[in-house]
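Please open the structure in your viewer and keep the selection tool at hand, as this tour goes from one selection to the next.

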Amino acid sequence: MPGSLALLAAAVLVPILLLVAGVAWVALRRVDRADMPVVLLGLAHVISALCGLLPWGRPTPPPALPQPVGDEPEPAPGPTVVLVRPEPTAPAVVHRAQ
């Protein structure tokens, strides 16, 4: 590999690596521990997007963000009630006074 090609590769890679390291350092210093998984997943999105800047790199779709879990579970459905009559009945119609 010629020396000029190695210098060109270093000139491309070093700023990208410094940018990723700087973003990660700033983000990880300001985040709460409870939000750490979401922040790390966001950094994966940033790194994937920056891979598109490399001449040989292709950005890959990072995993989806986790869905928030509700505090209380959904209540179970109640029992279904079916009324069966031996003879047909008139439909219930409510007339409103005007």
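**Starting at Cys51**

Select Cys51, which counts as partly exposed because its relative accessibility is 29%, where partly exposed lies between buried (under 20% relative accessible area) and exposed (over 50%), judged with a 1.4 Å probe and protein chains only. This is a predicted model, in which local features need pLDDT of at least 70 and side-chain atom pairs count only at pLDDT 80 or more, while totals for chains, interfaces and linings use all residues. Residues are numbered from 1 along each chain as its sequence is written, and side-chain values use heavy atoms, with hydrogens and water left out.

Next, select residues 36-51, which are helix 2, and find Val46 within them; helices are DSSP runs of H or I with at least four residues, and strands are runs of E with at least two, numbered from the N terminus. Val46 has a relative accessible area of 32%, so Val46 is partly exposed.

Finally, show the whole protein chain, which has two helices and zero strands. Of its 98 residues, 9% are buried. Among contacts (heavy atoms within 4.5 Å) between residues at least 6 apart in sequence, 41% join residues at least 24 apart.
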